[in-house]
Amino acid sequence: MYATQKNQLILQILWFLGVLLCGWVIVNTDYRTDLSVFLPSEPNKKEAMLLGQLQNGAANRILLVGIEGSDTATLAQIGKSFAGKLRNHSVFSHVLNDQSVIDPAEQELIYTYRYLLSPNTSAELFTPKSLETLIHGNLLELSSASGLLSKSLFMRDPTGEVMALVDRLTPVQGPQTINGQWFNDRGDRALLLVQLASTGTDTKAQETALQLMQTGFKDVVQSYQTQNQQHAQKTENIRIVISGPASFAVSTQNIIKEEASRLSGIGLILIITILLYVLRNLKLLFAGLLPVFSGVFAGIVAVSLGFGSVHAMTIGFGITLIGESIDYSIYFFLQRSQTAENSGNNPMFWRTVGLGVMTSICGFSTLLFSGFTGLMQLATFSIAGLLVAVLCTRWILPTLLPQRLSIHDLNPVGAWLRQMMKKGHHFRYFIGFLTLSAVLLLVSRQDHLWSYELNDLSPIPAALLDLDGELRADMGAADVRHMLLLQDKTQEQVLQRCEQFLPRLDALVAQGLLGGYQAPCVYLPSQAKQIQRQQALPDRERLEQVLQEAAHALPVSAQSLQGFVEDVAYSKTLPLLRADKLENSTFGITLGVTLYSVKAGEDLIHHALIQLQAPLQDGKAASLNHEALQTELFDILDEQSVLLDLKQDFNSIYKTYLSKILKYSAAGFIAIIVLLLAALRSLRATLWVILPLACAMLCVTALLHLLGSQLNLLNVIGLLLIFAVGSNYALFFSSSQSNMTLASLLLATTTTVIGYGVLIFSQIPILQTIGITVASGVFLALIFSALMAPVALRKDSSSISRN
Amino acid sequence: MSHYQYWFAGLLLLLSSNIRAQVEADQISLDQLMQFMAKHKEIHATFVENKYIKGVDVPLESSGELMFMAPSTMIRNTLLPKPEMLKLTGNTVTVERMGRKHNLQIDDYPEISLHFEGVRALLAGDVERLTHLYHVELTGTPVDWKLVLSPLRQGTALKSLNLLGSHDSVKAVEVHLEDGDYSIMQVSRKDVAE
């Protein structure tokens with residue numbers, strides 16, 4: 001007895017040390033909330049390029065802001081003072097609320113670098129004939145309304161490069177401007193575009209920036225309201241809406257935080273209430289929760305060590321998944337409370353628990369092979385958590401509790417259940433009928449069953465995505481679906497790659513296949529291109545000579561164009577334009593989004609993005625013919641220059657993963673069936689276990705379809721979980737058919753349904769999907785299993801337990 | 001007052017002012033000029049403009065249509081040699097050229113706004129705006145007056161904006177720059193709607 005007690009103490013100390021160690025790892029873990037874990041972890045080349053584009057820091061720093069809830073004039077005033085306020089903070093690198101005019105920084109840039117930027121710069125430009133034609137044409141410009149003001153520019157730039165570049169570099173489309181403030185088409189929402197100075201992954205900084213925006217907005221509205229009574233009335237309902245990756249990250253994080261505490265709180269209270277009712281003992285309750293918490297600790301540590309960081313979703317979701325470990329405690333308590341012959345270390349009992357854990361692990365392993373980091377984290381979390389929870393139940397719980405427990409007698413509940421099973425047995429035909437209808441429905445609608453949208457996996461609440469879509473449409477930035485994605489080893493090489501495409505794209509624009517495009521090499525030509533242009537510029541003597549010749553036929557004297565000669569000479573020796581020069585201008589925003597580097601192992605790979613705009617048809621953007629573009633550009637597209645249709649390509653990635661998941665799920669199902677066969681040692685008994693589960697899964701699938709949701713990857717995983725959890729119960733049931741077991745099964749199911757059920761109220765779409773699927777599935781599985789149980793099981797418990 | 005009465009009152013006013021103008025044909029006062037102008041609701045006119053720029057040997061000619069709608073809309077629609085539409089409404093300038101549309105806020109471009117604010121303020125009969133922006137000098141008779149507007153703002157390229165006219169019609173707009181370049185726009189009214 002002494003030795004056992006010593007062993008127990010050692011076990012407890014070891015356990016305590018383990019928990020401490022886990023605690024240390026947990027404190028030092030990097031927690032993340034970004035969306036990258038919901039993307040494929042081992043992408044192929046094209047996928048990797050797509051993902052790099054998604055994770056591009058510069059694009060993730062952009063926020064779209066809308067101000068609404070007042071009349072246009074008020075919104076314009078508030079919008080302008082709000083923009084002014086934000087510009088004073090270094091947190092925001094750019095604040096745009098009216099970009100119809102190029103600001104001085106850009107004007108200066110274009111003016112200084114015009115001969116290096118302009119595609120017109122070539123030796124042919126500086127022949128007498130071409131200069132004569134161009135200068136003549138630009139004289140007409142001088143006769144325009146602003147001619148007197150632009151004459152000094154004409155004298156230095158008689159070929160009109162600056163104006164041509166301004167047209168080339170500023171976006172054609174954009175929101176309308178009212179009173180110097182961007183507005184949506186209806187004029188009821190003022191619009192701003194803000195770029196954060198911090199990097200895309202710095203959630204802390206993003207949160208500070210967003211808070212700064214909120215308080216700044218409040219200040220602006222308040223100072224406007226204090227001006228007079230009328231202002232106060234007009235701005236009563238004014239509000240700000242913010243969208244963009246940073247906003248998504250912060251809001252999703254906040255929602256997760258809030259829901260994690262609220263939903264898991266509700267779930268926990270419900271479960272604790274039920275457990276308290278059954279156990280009638282606080283000490284037992286804490287002991288019962290011990291395996292769950294140990295599991296959670298172990299899960300976080302396993303993910304942290306395996307993946308280097310833990311996503312907030314993994315924890316929130318994972319706790320639900322390993323909630324079934326509370327079932328082990330329940331079985332254990334009930335085991336100890338039973339008659340003397342069953343007490344102690346019942347090998348049969350532990351064997352059943354072991355099998356249960358294995359079926360669950362079979363289910364979760366599917367996620368391990370899913371290829372999505374988020375799901376792989378979940379699987380790791382659940383497997384580690386369950387293993388530790390069951391180890392804790394097996395080795396630690398017995399050391400903490402007396403040999404005999406007095407808990408609430410559940411036999412009456414079990415007897416009542418058996419009664420219900422007997423009465424409801426006739427309903428089994430109804431189940432058959434239900435299942436048959438479900439199958440018929442699913443077969444007849446099989447073309448509409450599946451959704452292939454990657455967005456289904458997004459943890460971003462649908463309301464936020466809708467708002468984003470609206471703001472994007474308002475901004476005229478709705479359709480960046482088609483693009484050319486180029487990659488190369490250096491920025492210079494990728495810019496040269498980009499330049500290859502420009503003449504071809506110009507031709508496509510002329511043909512009407514394209515509406516326009518936005519390419520980084522327009523803003524920042526490759527060094528090679530710039531050198532080539534510099535070399536094409538004539539030297540001072542040569543230009544003076546050519547100009548003299550051209551001026552013969554012009555009303556302008558070569559003398560008055562001396563500034564032109566000076567500027568060309570200056571451009572010839574000008575240091576080349578580099579990316580950092582553009583950073584302080586709004587061109588920097590465009591460049592940041594379209595030219596970026598992606599980490600690939602140790603190296604950096606440089607990407608260039610050419611955004612393609614659909615041609616206009618009756619003033620509206622028509623659709624872009626992807627196939628035609630593919631054919632037209634066929635000869636210059638290769639592995640490193642790909643034409644993308646974002647929507648289609650992302651969905652096709654998703655399809656690949658969906659079919660992969662389906663395959664692994666099938667393997668998971670088979671593994672569970674094999675385990676059941678091995679445990680039950682009877683084909684017939686196994687069939688009786690599987691049949692109600694299969695019926696439940698089919699009915700749930702049909703129910704989901706009727707509710708209007710299309711099936712996605714998460715539903716598949718949910719179905720597998722129903723099977724894993726459901727078969728788990730079946731195993732316990734087959735090991736003992738006493739009233740007590742029956743009652744404990746009801747208890748376990750209830751806790752599971754509650755655990756998953758609270759997820760239905762989550763705003764996070766993927767949690768909701770899993771919640772609906774599993775909660776309703778497990779519930780149906782229990783009812784079906786009970787009603788369809790073979791006659792032997794419905795017999796009175798006394799007859800069985802006496803056997 | 002009914003529409004008819006209003007129109008009739010306007011006519012009376014026009015007649016009486018004409019009579020008075022002929023009687024006292026010697027000098028015009030700023031108040032008098034503003035009274036002429038305050039009647040405008042809508043003006044349609046055509047223009048021919050010549051720009052004289054140092055270094056360019058010939059005057060640069062352009063022509064098109066002008067329109068004014070009380071209280072604050074002014075449109076210059078250049079047809080030749082290159083189409084260009086310039087519209088000023090309230091504080092917003094819209095420029096349409098070569099298939100592109102630009103919106104500007106005149107408050108952001110005080111220098112440029114001096115070139116057309118004078119014309120608009122005169123046509124609107126807004127004496128406060130005129131004297132706020134320019135030193136105003138009016139000479140001549142009601143039949144043949146000349147308004148010289150020199151910007152009060154220091155250091156602008158604009159030396160003066162000269163408006164020449166007769167009664168409530170502006171006949172010519174001259175823009176003189178500090179560097180000696182200038183433009184002369186001849187205006188002929190197409191119709192008068194009041």
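The side chains of A:K151 and B:D179 meet in a salt bridge, with 2.2 Å from N to O. That distance comes from a predicted model. The count of salt bridges between chain B and chain A is two.

**The interface**

On one side, 33 residues of chain B take part; they touch 26 residues of chain A. Together the two chains bury about 2,500 Å². Carbon and sulfur atoms give 58% of that area. Which residues of chain B lose the most area to chain A? They are B:K51, B:R100 and B:N103. Together these three account for 22% of what the chain B side buries.

**The disulfide of chain A**

How many disulfides does a search of the whole structure find? The search finds one over all chains. A:C498 and A:C521 form it, with their sulfur atoms 2.1 Å apart. The angle about the S-S bond is -65 degrees, and the link is left-handed. The two cysteines sit in distant parts of the chain, 23 residues apart. A:C498 is in helix α21 (residues 491-511) of chain A. A:C521 is in helix α22 (residues 520-523) of chain A.

A:C695 is in no disulfide. Its nearest cysteine sulfur is that of A:C699, 6.5 Å away. A:C695 is buried, with a relative accessible area of 8%. A:C699 also counts as buried, at 11% relative accessibility.

**Aromatic pairs**

Over all chains, the structure holds seven aromatic pairs. One of them joins A:F82 and A:F217. This pair is edge-to-face, with 5.7 Å centre to centre and 85 degrees between the planes. A:F82 lies in helix α4 (residues 72-87) of chain A, and A:F217 lies in helix α10 (residues 203-225) of chain A, so the pair ties together parts that are 135 residues apart in sequence. A:F82 is buried, at 0% relative accessible area. A:F217 is buried too, at 6%.

A:F332 and A:F333 form a pair of another class. Their ring centres are 6.1 Å apart and their planes meet at 55 degrees, so the pair is tilted. Is A:F332 buried or exposed? A:F332 counts as buried, at 3% relative accessibility. A:F333 counts as buried as well, at 2%.

**Charges over rings**

A:R114 lies over the face of A:Y111, at 4.5 Å from the ring centre. A:R394 lies over the face of A:W395, at 4.2 Å from the ring centre.

**A covered helix**

Helix α14 (residues 312-321) of chain A is mostly covered. Eight of its 10 residues are buried. Among them are A:M313, A:I315, A:F317 and A:L321. A:A312, A:T314, A:G318 and A:T320 are also on the buried list.

**Backbone features of chain B**

| Residue or bond | Backbone feature | Loop of chain B |
|---|---|---|
| B:A70 to B:P71 | cis, omega near 0 degrees | B:P71 between β2 (60-69) and β3 (73-80) |
| B:L80 to B:P81 | cis, omega near -5 degrees | B:P81 between β3 and β4 (84-89) |
| B:H167 | phi near 50 degrees | B:H167 between β9 (158-166) and β10 (169-177) |

The peptide bond from B:A70 to B:P71 is cis, and so is the bond from B:L80 to B:P81. B:P71 comes in the loop that leads from β2 to β3. B:P81 comes in the loop that leads from β3 to β4. The entry for B:H167 concerns phi, which is positive in a residue other than glycine. B:H167 is partly exposed, with a relative accessible area of 21%.

Notes: Residues numbered from 1 in each chain as written. Chains lettered and ligands numbered in written order. Predicted model: local features only at pLDDT ≥ 70, side-chain atom pairs only at ≥ 80, totals over all residues. Heavy atoms only, no water. Disulfide = S-S within 2.5 Å. Helix = DSSP H or I, 4+ residues; strand = E, 2+ residues; numbered from the N terminus. Buried < 20%, exposed > 50% of the residue type's maximum accessible area, 1.4 Å probe, protein only. Phe/Tyr/Trp six-rings, centres within 6.5 Å; stacked < 30°, edge-to-face > 60°. Lys NZ or Arg CZ within 6 Å of the ring centre and 35° of its normal. Contact = heavy atoms within 4.5 Å. Buried area = accessible area lost by both parts, 1.4 Å probe. Salt bridge = Lys/Arg side-chain N within 4 Å of Asp/Glu carboxyl O.
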